[in-house]
Amino acid sequence: MINKENNGKIDILSLTLHELTELITQMGEKPFRAKQIFQWLHVKRVKNFSQMTNLSAQFRANLDAHFCIKSLFICKRLESVNDNTVKYLYELDDGNHIESVIMEYNHGNTMCVSTQVGCKMGCKFCASTIAGFKRNLAASEILLQIYEAERDSGRHISGVVLMGIGEPLDNYDNVINFLDLLSCPDGANISLRHVSLSTCGLVPKIHELAKLKLGLTLSISLHAADNAERSEIMPVNDKYNIEELLQACHSYFETTGRRISFEYALINGHNDSYHDAKKLSELLDNFICHVNIIPVNKIKERGFKSDRQSAYRFQKYLTDLGVNATVRRTLGADIDAACGQLRREYEV
Ligand code: SAH
């Protein structure tokens with residue numbers, strides 16, 4: 001999928017190696033030139049064509065006339081003193097803002113990336129949706145969040161979670177394009193085994209994704225075991241209810257063989273009782289899955305709250321009921337690392 005800039009130039013960082021090869025050969029150049037350009041862009045990560053020194057000056061000028069290399073500007077960097085979490089507020093070419101977070105785990109650094117400017121999904125506990133939806137991100141703009149963070153921090157990113165601002169399956173084509181670029185052996189070369197995609201449950205897109213058999217981990221933001229409660233906090237449930245969603249998850253597992261991860265943001269007094277745990281265990285009875293309990297992050301616009309103690313209590317309910325569950329580590333608590341909160345301060 002080719003994204004055009006306003007000035008008519010093609011966003012070259014969003015082109016897969018296959019697409020780039022096609023365009024370069026149409027320009028009368030040999031196919032291996034495409035691979036050279038791709039490596040300049042995705043391995044050496046140059047910011048302009050003049051740095052591509054193994055190409056002729058004329059070819060570089062020609063590239064400059066037809067293509068643009070997008071960029072992200074680091075507006076703000078917050079570093080946690082607790083745990084090496086780093087949060088970036090980036091400004092896009094059009095002045096919009098997005099956020100990304102580097103999280104350190106034993107196995108390496110994982111980056112949480114945004115996929116849209118804002119979000120349409122309207123989840124009641126989520127900061128990303130409050131300022132509304134502006135636009136989809138191009139594949140290049142998702143990728144650049146990682147490239148810029150690696151450049152700035154000097155840290156190597158080995159895993160990616162699509163859990164920042166936006167609903168990845170609501171920007172399906174660009175996200176698939178991004179995954180292709182991210183895993184390309186001639187580019188960033190990050191295995192999709194180290195990638196998690198989180199969705200609030202856009203059922204038709206889950207079916208579409210399953211067919212691609214990408215090997216990534218699908219995370220489902222479930223957050224409630226009962227349709228009335230889920231609809232109250234997640235409007236998407238009115239369109240695709242829990243039964244349809246779990247049916248899609250079953251068929252995803254059957255097609256891909258990949259275990260599903262369910263996210264459960266615990267909100268005091270809403271979804272944290274033994275009764276809720278019991279219902280959840282019944283829903284997930286015949287699933288090979290994992291439940292990730294997240295004490296809900298406080299957002300000043302909403303009254304929801306939770307704490308780690310309630311999360312451990314809920315985890316015990318679930319494990320006693322035979323469900324595999326963990327409580328998510330809280331990272332970057334001192335820098336409000338939950339996505340969407342920083343952007344809010346920058347949007348009017
Ligand atoms: N739109 C996608 C991905 C972005 S949100 C989705 O809904 O899955 C990533 C995860 O953070 C989701 O599970 C989301 O429900 C959760 N989340 C959002 N706001 C939160 C908050 N205030 N506290 C805890 N989890 C939150």
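Q: Which residues come nearest the ligand?
A: F125, S198, S221, H223 and N297 come nearest, out of 17 residues around the ligand. Being near here takes a heavy atom within 4 Å. One caveat: this is a predicted model, where local features need pLDDT of at least 70, side-chain atom pairs count only at pLDDT 80 or more, and totals for chains, interfaces and linings use all residues. Residues are numbered from 1 along each chain as its sequence is written, and side-chain values use heavy atoms, with hydrogens and water left out.

Q: What classes make up the shell?
A: Eight nonpolar, seven polar and two charged residues. Ala, Val, Leu, Ile, Met, Phe, Trp, Tyr, Cys and Pro count as nonpolar, Asp, Glu, Lys and Arg as charged, and the others, Gly among them, as polar.

Q: How far is the polar side-chain atom of S198 from a ligand oxygen atom?
A: 2.6 Å. S221 also puts a polar side-chain atom 2.6 Å from an oxygen atom of the ligand. With T199, a backbone N or O atom lies 3.3 Å from a ligand oxygen.

Q: And how much of the ligand does the protein bury?
A: 91% of the 530 Å² that the ligand exposes taken alone. Those areas come from the Shrake-Rupley method with a 1.4 Å probe.

Q: Switching to α5, what span should the helix have?
A: Helix α5 covers residues 172-183, twelve residues, so at 1.5 Å a residue it should span 16 Å. The expected span is 1.5 Å times one less than the number of residues. The end C-alpha atoms of α5 are 17 Å apart, which agrees. Helices are DSSP runs (H or I, at least four residues) and strands are too (E, at least two), numbered from the N terminus.

Q: What do its buried residues pack against?
A: Among them are α2 (31-44), α4 (139-153), β9 (157-162) and β10 (195-199). The buried set of α5 includes Y172, F178 and L182. Buried means under 20% relative accessible area, exposed over 50%, partly exposed in between (1.4 Å probe, protein chains only).

Q: What about K213, buried or exposed?
A: Exposed, with a relative accessible area of 55%. K213 sits in the loop between α6 and β11 (217-221), and has a positive phi of about 45° although it is not a glycine.

Q: Which residues does T256 touch, beyond its sequence neighbours?
A: Leaving aside neighbours within four places in sequence, T256 is in contact (heavy atoms within 4.5 Å) with A210 and K213. T256 is buried at 19%, and its side chain reaches the backbone oxygen of Y252 at 2.7 Å.

Methods. A polar contact is a pair of N or O atoms within 3.5 Å; within protein, one must be able to donate a hydrogen and the other to accept it, and residues adjacent in sequence count only if both atoms are side-chain atoms.
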